[in-house]
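Please keep the sequence and the model open side by side. This briefing goes through selected side-chain and sheet features.

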Amino acid sequence: MQFGSLSRWKPSTARRAVGTFGIGSALIGAAAIAALPAWAADDQAAAQVAEGGAASARPAEAAGQEIEDVIVTATKRKEPLQKVPVAVSVVEGDQAAQQNLNNINDISSIVPSLNFRNGASNKDQGLVIRGMGTVTTSPGVEPSVSTVVDGVPLDRPGQATLDLLDVDRIEVLRGPQGTLFGKNASAGAVNIVTKQPTEEVQGYADVSYFGGGDEVRAKAGISGALVPGKAKGLLSVLTSDYGGNVTNVYNGDKVNGYDHNGARAKIELTPSDNLRALLAVDYLRSRETIPTGVISSTNITYPNGVSTPYPALAGLIAPVGASSSNRDINANTNSYADDDNGGVSGQLDWSIGDYTLTSISAYRKWKNRQIQDFDRTSSPLSKQIVDDGNLDFDQYSEELRITSPTGKFLEYVAGLYYLHAVDDEVYKRTDSAAGIVNNGTARYGTTNNNYSVFGEATLNFTDSFRGIAGARLIEDDLGYYHSRAATAADTGINPSSPYATGDTSDLGYADRFGLQYDVNRSATAYVTYSHGYKGPAYNVFFNMVPSTQGAALKAETSDSYEIGLKTKTLEDRLLLNVALFDTTFDNYQANFPNLVNGAVVTNLVNAGTVSSRGFEADFTVKPTQALTLSGNLAATDAKIDHALITPKNWPINGEPLPFTPKWKSNLRGEYRIPVTEDYEIDLGTDYRWQSKVQYDLSESPDTIQKAYGIWDADLSLNNLPGAWRVSVLAKNLLNKNYSSYLQSSGATSSPGTPGYVYRWIPRDVERYFGVALRKEF
């Protein structure tokens, strides 16, 4: 087997069949897997999937048309995806790389139930699953969607929004996953699994160039035995640079780009047949030049259709013209964010008879500095506001779990988990106008300790009928400190605030119960109930007033019901999976816009009761050996049922939750053309579409992105003996303009107050083309 070999992304393999386009979404084979040590390779596990001899009985002409099985760890043990009683989408790492999908934001574009909230830096970004996700800059709250990398949960969402390096697969688990993945998985989890060292010496090099901003990307990796049979290692590096697709007319600079450099190294030791140790180190250094919004309108819409123009601002940003397709700014401060993100982890797997004891110890460090032009102008006639924020975050975690053998009446995973996280931040805002300068500097941070005991069991009543029961008991201890020194109150600056502290603790739980029934060899059905929990929170931020905002937010809880059916038919050439879900969240933790001395800020609040219900469907079909079609659809009705907050202008009860279109879909087709014995051509095309989406909890009509669709295509020439591939990619062929995020100052202003709307620009806002070369050895 080759390291990321070309053969693994042919249509006749699982990586092409599911990844045909990067989406496995519960579309892969049905079968039972024999008991394996926790560190057994995926290929070995897949080879042991029992198919009841059906494959050998298939006609010869059908060979190569089967959609093969993929193995996932969505239940903390290796299992065929088609047998897991959870709605899961799988994006294969090799296919994501081929389609130029480089981060979680890109991945969300092809997973309909997963959505991404953009922002001026990764500190302001986050994930949403089925309409649920807490996105805030406050260090006093955790996300509703947990991101886990090689078994290590990341405590802050900003840790997980950078480049993906040497990823084997990404598993998107939809719905509450707190039983096995922790308290910050009340809406779902993104489980990122990176590639493991190999015994054979293998390597690769990737280089690509894309237009629309001169994007250059390069990756390389090598893997192999250090001591044959006892130690093996892996080293991967990446570098990428993108000038951007927004122009700052003030100085002519291109912005909205990035510069990334990173590496990952692993050493795996197997001193005996029953003991395996894995040491992993990773680091990524990045600079993002994302502006603090591109002004798209100088008119604000208020209730009853009243539109208020802001001609003064239109003059201040000239020669920039505000429009829904504007990609220019006029700012005398280039906004940017510097980010250092890395960590080290050690995993021990000890096979004790038929049981496996696993320990994962990890330390991660995250540092972030962001400079932002808050006023978005360069004119001396306008007050100039510049923000300078510094974040220093450390987390330590330990998980100890035991995994029972399979094939018994009772199969289980149980364990203990501990997390200690410390955040320290310094944030400075400077206002200057007519020679008068005011500034405020806030120093604040949090300390979080989490202790939990968890377990989930499967009871095999018969060979085809199973029960599922799991629970997690969680203890949260959270504390904060805050102080602010200000020369004077000014735009976006509250008066000085003395040093203040606060702490809280809470005991919560998550659980999951369900039934699973194998209708036949090719179909399995399940029904589950899950209770999710995300602990208490503090709204800790620059303008915090502890005397009135120092109370802890209540824990966010959820109750979810799900029914699913996973099928594989037509001699394993068609996969069709569906899921129905209904989830209610109480004490929903969300950001709500507010005004501080004339500047829009967002406050973290318990917003009330919200719900999300809907339908998801996924399919993959191989009509012939050469042709593969796949697609997925999410219909999500996520709305605010009962608000505990008072909106400024528009009612919000019954309105949609942010970042969640009611309809979102992705379709992909791929055709392989053998040219000679040594060469083949792969043709691919995909189209993704989503209905309109509201971007702000204030429900302003100015923050609604209209429905849009994006059409991409790719063509690859593969040389199999030489193990190289040349690809040409086309993105956004229809040149469709859209915004990945919108904000409006009218969300917090009184009707008639002038204001403006600003947007965030995605990478594929325009048509562009690229070429990529991959060589393996």
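This is a predicted model: local features need pLDDT of at least 70, side-chain atom pairs count only at pLDDT 80 or more; totals for chains, interfaces and linings use all residues.

Residues are numbered from 1 along each chain as its sequence is written, and side-chain values use heavy atoms, with hydrogens and water left out.

**Aromatic pairs**

- The whole structure holds 21 aromatic pairs. Rings of Phe, Tyr and Trp (its six-membered ring) pair if their centres lie within 6.5 Å; planes under 30 degrees apart are stacked, over 60 edge-to-face, and the rest tilted.
- Tyr 363 and Tyr 396 make a tilted pair, with 5.0 Å centre to centre and 40° between the planes.
- Tyr 363 belongs to strand 22 (residues 355-373) and Tyr 396 to strand 23 (residues 384-403), so this pair ties together parts 33 residues apart in sequence. Strands (E, at least two residues) are DSSP runs, numbered from the N terminus.
- Tyr 363 is partly exposed at 27% relative accessible area. Tyr 396 is also partly exposed, at 39%. Buried means under 20%, exposed over 50%, and partly exposed in between (1.4 Å probe, protein chains only).
- Phe 659 and Tyr 741 have ring centres 5.6 Å apart and planes at 35°, so they too are tilted.
- That pair links distant parts of the chain, 82 residues apart. Phe 659 sits in the loop between strand 34 (627-643) and strand 35 (663-674), and Tyr 741 in strand 41 (residues 741-744).
- Phe 659 is buried at 9% relative accessibility. Tyr 741 is buried at 3%.
- Ring pairs join Phe 659, Tyr 695, Tyr 741, Tyr 756, Tyr 758 and Trp 760 into a cluster.

**Charges over rings**

- Lys 76 places its charged end over the ring of Phe 181, 4.8 Å from the centre. The criterion is NZ of Lys or CZ of Arg within 6 Å of the ring centre and within 35 degrees of the ring normal.
- Arg 429 has its charged end over the ring of Phe 374, 4.2 Å from the centre.

**Asp 476**

- Asp 476 lies in strand 26 (residues 465-486). Its relative accessibility is 3%, which counts as buried.
- Its side chain makes a polar contact with the side chain of Asn 450 at 3.4 Å. A polar contact is a pair of N or O atoms within 3.5 Å; within protein, one must be able to donate a hydrogen and the other to accept it, and residues adjacent in sequence count only if both atoms are side-chain atoms.
- A polar contact of 3.3 Å joins the side chains of Asp 476 and Tyr 533.

**Arg 130**

- Arg 130 lies in the loop between strand 5 (126-129) and strand 6 (145-149). At 4% relative accessibility, Arg 130 is buried.
- Its side chain makes a polar contact of 2.8 Å with the side chain of Glu 616.
- Beyond neighbours within four places in sequence, its contacts (heavy atoms within 4.5 Å) include Ala 87, Arg 174, Glu 562, Phe 581 and Thr 660.

- An open sheet of five strands runs in the order 3-8-9-6-7, with mixed pairing. Two strands pair if DSSP finds at least two bridges between them.
- Strand 3 (88-92) and strand 7 (152-154) are the edges, each pairing on one side only.
- Strand 3 and strand 8 (residues 167-174) run antiparallel, joined by five bridges. Ser 89 has Val 172 in strand 8 as its bridge partner.

How values were computed: Helices (H or I, at least four residues) and strands (E, at least two) are DSSP runs, numbered from the N terminus.
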